[in-house]
Amino acid sequence: MTAVQGSSEVTGEVGDRQAVRAVTVIIGVVVGLTFVFGFGNVLGLALRLGVPV
């Protein structure tokens, strides 16, 4: 193994870690927005039906 191969493996691991973090953040944002919109829709429906806050 040469130094060039070793450094490319380290760079690949860093890139993999960044990709995993990016996907995790995107999934978190999607889940969060889904919760917020769902909560808002249920709250709006409850208020229209006359359920007290």
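1. Residues are numbered from 1 along each chain as its sequence is written. In this predicted model local features need pLDDT of at least 70 and side-chain atom pairs count only at pLDDT 80 or more, while totals for chains, interfaces and linings use all residues; side-chain values use heavy atoms, with hydrogens and water left out.

2. The protein has 1 helix and 0 strands (DSSP runs: helices are H or I with at least four residues, strands E with at least two, numbered from the N terminus). Helix α1 covers residues 3–49, and F39 is found there.

3. Of the 53 residues, 2% are buried (under 20% relative accessible area; exposed is over 50%, partly exposed in between, with a 1.4 Å probe and protein chains only). The accessible surface comes to about 4,700 Å², and 73% of that belongs to carbon and sulfur atoms.

4. The whole structure holds 1 aromatic pair (Phe, Tyr or Trp rings, the six-membered one for Trp, with centres within 6.5 Å; planes under 30 degrees apart are stacked, over 60 edge-to-face, the rest tilted). F35 and F39 are stacked because their ring centres are 6.1 Å apart and their planes are at 25°. The two lie 4 residues apart in helix α1, so about one helical turn separates them.

5. F35 and F39 are both exposed; F39 counts as such because its relative accessibility is 52%.

Notes. Areas by Shrake-Rupley, 256 points an atom, 1.4 Å probe, with all protein chains shown as cover.
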